[in-house]
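Trainee: Hi! Could you walk me through this one?
Mentor: Happy to. Here it is.

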Amino acid sequence: MSLLSYEDFEKLEVQYPKPQINGGIRYGTAGFRSNSRDLPFVMFCCGILAALRSRYLGGQTIGVMITASHNPPGDNGVKLIDPQGEMLEQSWEVHATDMANCQTAKQLYEFVKQFIDTYKLHDAVANIAWARDTRPSGEYLARAVEDGAHCLKSNIRAYKLLTTPQLHYMVRALNTQSTTNPYGQPDEEGYYRKLAKSFGSILKDAKISITVDGANGVGAIKVAELAKVCPQLDLTVVNYHTDVPNALNVECGADFVKVQQRLPNNVKPEPFKTCCSFDGDADRIVFYYTDSESKFHLLDGDKISTLAAMFLRDLVAQAGVNATVGVVQTAYANGASSDYIRDNLKLAVEVTPTGVKHLHHSAQRFDIGVYFEANGHGTVLFSPEALTQIFQYEAQSPAQKTAVDLLRSLTELINQTVGDAISDMMLVLVILSYKNWTLKEWDSEYNDLPNRLVKVLVPDRRIFETTDAERKLIKPEGLQARIDSVVKKYSKGRSFARASGTEDAVRVYAEAQTRPEADELAVRVSELVSDAA
Ligand code: G16
């Protein structure tokens, strides 16, 4: 028997109650997110779905990450990970939503049974790997995932506490371990060794100091583990209190720093000190420093993206490798960064809707695709063709050899599955060290337009529908025209509103020539959104 009986399903349904959410729950920007009380049944369904997906893909391991990332401590969520470590294929998101909104155990049982019959998955094997962040609700929700996966008699690998990108790494490593191109050893030690080895081969005897704000989350624990095997890193970790559940992401972390545009708790303004913040599951990173007047300077995902794109463009040219570098951004990218990439770096820029799943796929179309959301979520992807070139290339001069060796090490250092705060931190430190730059010099490459991000709470965010990579609203009717007429009044003004896929809110972004103008524009568009809601 490859599926538990209907009676077993019924018992488990009592154990894992359904969410009481008006209008149901949807697999959004990064999976399901909600207050943890709403999630036991959803997690149970995700365990089943991961098992179905694994069976459908011939037993390849599917990842289940239990996290609500930057959201408040009382929330939780779940993201499913496909075999190469990428986000769940979009066409399966609808199955996730359908299952999580089943009204009865019978309905869910029939759904699963029919799925198995349709795709003839009766005798297939399922392999699941799960991990969670530090949220206390994670332990119980993980049991729901396991019980769901057990309904389809799955093999389960419980990694327990990991960052989100670490689980993405594990999934790819597990699925490639007996191929000719293994991604890495599928355990934590393998992950740290892979990063430390390439970082060490690049930086040799250098010692680089950095202060990391761990958001009181799992990233604080894991980056400290990495430092133990990475002598080039002189690490100071602050906000590492994972034993205080309510401290997660509070007054600290990448989202806080990006939105508030100020230092997190426990980072003192020391002029020109190199600092960065991770988010709650360490898939985002932003950098910052204060100057001699204690003024705060943020280097967000756009700055990371431009730094990486410039460095790789130059490195590819020095190596003599024939590969094009392209950049992918979202509507949140600062207008000055997009101009800089096009006009100064002379590289192509693509814009996609929010969500790394969208950026990742776009970046795969370039030989070397650099993608970052302004919030600090992103990575650099090397296409299989680019990798072949880089590894088969025979350098014609010592300078070319140095460049090719560095490129090779970078393909190992940069997480190829998803944005990874730890790996991104190391990438930035390598680039700064090569260029002999501090954060100040990096920052001076171009000036961000002053900008403001506002969260507007509305009764029903689903009435806000967008088009044009989320830059224009098509619903509620007439609202976009009202926003346009306000934006016109501001020099270099740009603003848009979109419903969040991870929080119950509408996000408003505004930028303009000066700080007061950007702030005022954000307030005026937020008012229009509130009125329309
Ligand atoms: C997730 C997604 C990101 C997205 C962010 C905010 O990040 O992975 O791509 O930018 O949510 O999305 P939204 O504006 O739709 O709420 P994380 O770090 O929370 O997993």
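Predicted model: local features only at pLDDT ≥ 70, side-chain atom pairs only at ≥ 80, totals over all residues.

Trainee: Why does Ile210 count as buried?
Mentor: Ile210 counts as buried because it has 21 C-beta neighbours inside 10 Å. The cut-off for buried is 20 or more other C-beta atoms within 10 Å of the residue's own, while 12 or fewer is exposed and in between is partly exposed; C-beta atoms are placed from the backbone.

Trainee: And what is Ile210 in contact with, leaving aside neighbours within four places in sequence?
Mentor: Those contacts of Ile210 are Leu235, Thr274, Cys276 and Leu429. Contact means C-beta atoms, placed from the backbone, within 7 Å.

Trainee: Switching to helix H11, which of its residues are buried?
Mentor: In H11, residues 335-344, they are Ser337, Tyr340 and Ile341. They lie on the same side of H11, because they cover an arc of only 95° around the axis. That arc is taken from the directions from the helix axis to the C-beta atoms.

Trainee: What covers them?
Mentor: The cover includes helix H10 (301-319), strand E11 (325-330) and strand E12 (348-352). Just after H11, Lys346 takes a positive phi of about 55°.

Trainee: New topic: which residues come nearest the ligand?
Mentor: Of the 18 residues around the ligand, Thr29, Ser69, Ser500, Gly501 and Thr502 come nearest. A residue counts as near if its C-beta atom, placed from the backbone, lies within 6 Å.

Trainee: How many of the shell are nonpolar, polar and charged?
Mentor: The shell has two nonpolar, ten polar and six charged residues. Here Ala, Val, Leu, Ile, Met, Phe, Trp, Tyr, Cys and Pro count as nonpolar, Asp, Glu, Lys and Arg as charged, and the others, Gly among them, as polar.

Trainee: Zooming out, what domains does the assignment give?
Mentor: The protein chain has domain 1 (6-176), domain 2 (206-296), domain 3 (301-420 + 431-443) and domain 4 (451-532). These bounds come from an automatic or database assignment. The centres of domain 1 and domain 4, taken over C-alpha atoms, are 34 Å apart.

Key:
Residues numbered from 1 in each chain as written. Helix = DSSP H or I, 4+ residues; strand = E, 2+ residues; numbered from the N terminus. Contact = placed C-beta atoms within 7 Å.
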